[in-house]
Amino acid sequence: MSPRTAQQVPPADPLRALSRSLLRLSEQAQHVAPQDLLRQAMQTLQSLVPFDSAWWGEVSAGEAGAEGETQAAPRNWLHGSIGLARGFADEWNALAAVDDFALQSMRRLGQVIRERDVVGVLPEDPQVVAFSERHGLYHCMALTAELPHSGLLFFVSVYRPQTRTEFTDAETVLFGEFVLHLLQHWHHRLQRLQNDSPRRPWDSFALAQPTGELLFAGLRISQALRAAHPEWAGTHLPPAVVQALPGAPCNLVLGRACRLRLEPCGPLVALSIASRQHKQALAPRELSVAMLYAQGQSHKDIAATLGLTPATVRTYLRTAYAALGVRNKLELVAALRNA
């Protein structure tokens with residue numbers, strides 16, 4: 001090709017590339033089986049914003065105490081990945097409390113962050129440095145957003161090794177737009193499967209393949225599974241629960257006080273916490289926060305009254321909304337009045 005011909009070739013059009021990728025994503029959301037949707041969507045993203053490895057799934061952000069000390073570290077509950085080791089999530093859970101990159105992403109919901117936004121602000125923890133080197137996580141980019149009514153957050157992280165260039169500003173924009181569209185499609189797909197039934201609050205609901213591989217799980221059902229099976233690491237249901245899946249529809253006693261309802265859901269199995277005492281759906285602290293918020297108090301006022309931080313108040317409110325199946329303050333007031 002001559003220099004003159006080369007100059008006549010137009011540069012790649014990022015807007016056109018994004019448009020085509022979003023059209024492809026929309027087609028996948030309509031026609032791809034739910035158990036394959038996220039992986040295929042990530043492959044579409046990889047053609048838009050090249051990366052060497054990726055990690056996505058659901059995470060709880062953890063909570064801070066009244067003095068700002070961490071009471072519960074962030075935790076990954078289920079995930080998928082491309083180009084990462086099988087035990088990646090377990091390793092991350094062990095150091096989640098000191099992973100500044102992940103913590104920043106959880107604080108900036110709906111925003112894309114890169115390693116440049118975090119590195120240099122605080123000294124990197126040696127555990128995190130070793131973890132990153134072990135898995136080749138040199139250039140990082142992530143977006144975390146709330147997964148509505150589930151009590152959990154949805155995240156997508158992509159990585160490049162040191163031998164590759166860092167993610168550019170243009171790639172950051174493309175990544176952010178694509179992931180937000182992906183989250184919307186995924187939430188709508190889950191809604192169709194869940195049927196938005198009041199008998200299945202989002203945080204107490206899960207979807208799994210007949211083999212036990214989880215597609216979605218809310219915070220309360222995840223916590224109940226871990227309480228009954230402390231060795232449970234997430235993503236794949238505990239063996240005792242997997243054994244019960246072929247018998248759906250049926251009930252399964254989980255631990256001492258929890259009962260699961262298993263029901264067919266197309267090719268999948270829906271799991272939900274069957275509670276006979278819906279009035280006890282909220283823990284005492286969650287109920288106190290919800291009541292004060294319904295009475296018109298602000299996050300700061302509630303934090304001062306109960307000796308919490310505003311961040312912890314928001315966490316309790318998010319869990320209360322999910323448990324009661326409400327979407328705004330008006331619905332919260334009605335739900336508390338009828339409880």
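This is a predicted model: local features need pLDDT of at least 70, side-chain atom pairs count only at pLDDT 80 or more; totals for chains, interfaces and linings use all residues.

Trainee: In what sense do strand S5 and S6 pair, and over how many bridges?

Mentor: Helices (H or I, at least four residues) and strands (E, at least two) are DSSP runs, numbered from the N terminus. Two strands pair if DSSP finds at least two bridges between them. Here strand S5 (residues 112-114) pairs with S6 in the antiparallel sense, over three bridges. S6 also pairs with strand S7 (residues 152-160), again antiparallel, over nine bridges. Within that pairing, Thr144 has Phe155 as its bridge partner in S7. Four residues lie between the strands of the S6 and S7 hairpin, where His149 takes a positive phi near 70 degrees.

Trainee: Is strand S6 largely enclosed or open, and why?

Mentor: Buried means under 20% relative accessible area, exposed over 50%, and partly exposed in between, with a 1.4 Å probe and protein chains only. Strand S6 (residues 139-147) has eight of its nine residues buried, so the rest of the structure largely encloses it.

Trainee: Which residues touch the most other members of the largest nonpolar core?

Mentor: In soluble globular proteins, nonpolar side chains tend to be buried together. A nonpolar core is a set of buried Ala, Val, Leu, Ile, Met, Phe, Trp, Tyr and Cys residues joined through side-chain atoms within 4.5 Å. The largest has 40 residues, and Met42, Leu45, Val158, Phe175 and Leu207 touch the most other members. Helix H7 (residues 169-194) contributes the most to this core, with nine residues. Contact means heavy atoms within 4.5 Å. Neighbours within four places in sequence aside, the contacts of Met42 include Phe51, Trp56, Val156 and Leu182. Apart from this core lies another, of 26 residues, among them Trp77 and Val269.

Trainee: How many aromatic pairs are there?

Mentor: Rings of Phe, Tyr and Trp (its six-membered ring) pair if their centres lie within 6.5 Å; planes under 30 degrees apart count as stacked, over 60 as edge-to-face and the rest as tilted. By this rule there are eight aromatic pairs. For Phe88 and Phe131, the ring centres are 4.9 Å apart and the planes stand at 40 degrees, so this pair is tilted. The pair joins distant parts of the chain, with Phe88 in helix H4 (residues 88-95) and Phe131 in helix H6 (residues 126-135), 43 residues apart. Phe88 and Phe131 are both buried.

Trainee: Which charged residue lies over the face of Trp77?

Mentor: A charge sits over a ring if NZ of Lys or CZ of Arg is within 6 Å of the ring centre and within 35 degrees of the ring normal. Arg75 lies over the face of Trp77, 5.0 Å from the ring centre. Likewise, the charged end of Lys329 sits over the ring of Tyr293, at 4.4 Å from its centre.

Notes: Residues are numbered from 1 along each chain as its sequence is written. Side-chain values use heavy atoms; hydrogens and water are left out.
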